Amino acid sequence: MLNQPSKFKMRYMRRAIRATLLGLLMAFALAGAPTWAQDAGQPPAQQAPPPAQKELMAEDVYKNIQVLRGIPENQFLSTMGFFSASIGESCEFCHDDETSWAGYAKDNEHKQTARKMVLMMNAINKSYFGGNRKLTCYSCHRGTDFPKVTPNLAEQYSAPTVDEPDVITEQASGEPSADQILDKYVQALGGAQKVAAITSFVAKGTYQGFAELDKSPIEIAAKAPGQRATIIHTSNGDWTTTYDGRTGWVAEPGRPVPLLELTGQFLEAVKVDAELAFPARIKQSFTQWRVGFPTMVNDREVEVLQGSTSGNFPVKLYFDRESGLLVRQMRYTNSPVGLNPTEIDYTDYRDVSGVKMPFRWMTTWTDGKASTELSEIKVNAPVADAQFAKPAPAASAKPATR
């Protein structure tokens, strides 16, 4: 809740609540419904995965796509979030008509300039960096609509800020091994035997976006191996995300596609959430484990551990050095212009049948923040496989704010 927000905060709030907007500089990054998710077991061997549907491209869904043709619909939307984060502007900076999806497609000077900037950035990367993405919108803009051209003396002579690398490329010397960190984590939760004994759970609570005035009820169901469903009952209709261990779907009110099959890195994202809920098999859920140098999260020293999924999707996990508990997950989704970070902070661990589980988490991405607070978790409750199947399409297809 925000009381008497400033003009700057109001502008940021508008950017944060418009999650499914069309155009080059709107704010949207698919983070998936944030949960403490599911066990990493594999689907039964006798069940062959269903044939994949044709992936929707941006130009299949939206009108007036010119320089971002040939990329998946989800990647297009996450690209919008990257642009918004880079220039520090919200959707209406480039979209004069927000009343419909056709309105978002209308051209204007800002959108035309943005296309030229993307082409310029691509040309620089191709000409000077062998086509590798070394320059992005954020490289120059850093949260402002005009790049800075004059040195800031205060920044020059103040203490330097050391940014954490996106990817841990090699094992940090002198740090505990991945096995030691993960064993300590499982022990902190209640021990391997108790953790492995939990094979399903159902949970209820509330979900609230950064600038939403009201909280929305949320329901979560998960069952090992690899099944998870989340339903957020928003004022605009139910927002449903399902994952059955192989296939993922999202039905969200206000999206131009009322029911979308998740593919690629976005399917990997819900898989990661699913594999973190029941940590008994966490070592097997990821590969290429690497330990980075310690850092700080909320004034607490943490160990940083990076793993990859079967899709080579890098995920960093942050464990409180004292308690051993998982306090943060950091992952990235790719876009044609840069990496979009998603950060999930876990707090309020409580004992549930002898195992500690987080009852609160905050999800932060380029579109804003969302808080989930659980009121109850019931473990080993019966959960039907049908709950993780393909959901019904969302009722509303008009642009929505949340």
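A contact means heavy atoms within 4.5 Å.

**Figure 1. The whole chain, in a predicted model.** This is a predicted model. Residues 24 or more positions apart account for 61% of the contacts in the protein chain with a separation of 6 or more. The chain has 402 residues, and 52% of them count as buried.

**Figure 2. Confidence along the chain.** The mean pLDDT of the protein chain is 84. A value of 70 or more is reached by 85% of the residues. Where is confidence lowest, and where is it highest? The lowest mean, 40, belongs to helix α1, residues 7-17. The highest, 98, belongs to helix α8, residues 178-189. Over residues 1-49, pLDDT stays under 50. For those residues the model has 183 contacts beyond four places in sequence.

**Figure 3. The largest pocket and its lining.** About 1200 Å³ of space lies in this pocket. It is lined by 26 residues. Closest to the centre are Y138, D166, Y332, L339 and P341. Several elements give two or more residues to the lining. The helices among them are α1, α3 (73-87) and α6 (137-141). The strands are β11 (326-335), β12 (338-352), β13 (355-365) and β14 (368-379). Which element gives the largest share of the lining? Strand β12 does, with four residues.

**Figure 4. Cysteines without a disulfide.** A disulfide is a covalent bond between the sulfur atoms of two cysteines. How many disulfides does a search of the whole structure find? The search finds zero. Take C137 as a case. The cut-off for a disulfide is a sulfur pair within 2.5 Å. C137 counts as buried, at 15% relative accessibility. C94 is buried too, with a relative accessible area of 0%.

**Figure 5. K134 in its loop.** K134 lies in the loop between α5 (109-128) and α6. Is K134 buried or exposed? K134 counts as exposed, because its relative accessibility is 58% and the cut-off for exposed is over 50%. Leaving aside neighbours within four places in sequence, K134 is in contact with N125, F129 and S139. M121 sits 13 residues from K134 along the chain. The C-alpha atoms of K134 and M121 are separated by 9.5 Å.

**Figure 6. A cis peptide bond at P225.** Which two residues does the cis bond join? It joins A224 and P225, with omega about 0 degrees. P225 is found in the loop between β2 (216-223) and β3 (227-234).

Figure 7. R142 is not a glycine, yet its phi is positive, at about 50 degrees. R142 is found in the loop between α6 and α7 (153-157). R142 is exposed, with a relative accessible area of 53%. S353 is also a residue other than glycine with a positive phi, near 55 degrees. Where does S353 lie? S353 lies in the loop between β12 and β13. At 58% relative accessibility, S353 counts as exposed.

Terms used
Residues numbered from 1 in each chain as written. Predicted model: local features only at pLDDT ≥ 70, side-chain atom pairs only at ≥ 80, totals over all residues. Heavy atoms only, no water. Buried < 20%, exposed > 50% of the residue type's maximum accessible area, 1.4 Å probe, protein only. pLDDT = per-residue confidence, 0-100. 1 Å grid on protein atoms, 1.4 Å probe; cavity = no way out; pocket = protein on both sides within 12 Å on 5 of 7 lines; lining within 4 Å. Points joined across faces, edges and corners; volume = space filled by probe spheres on them.
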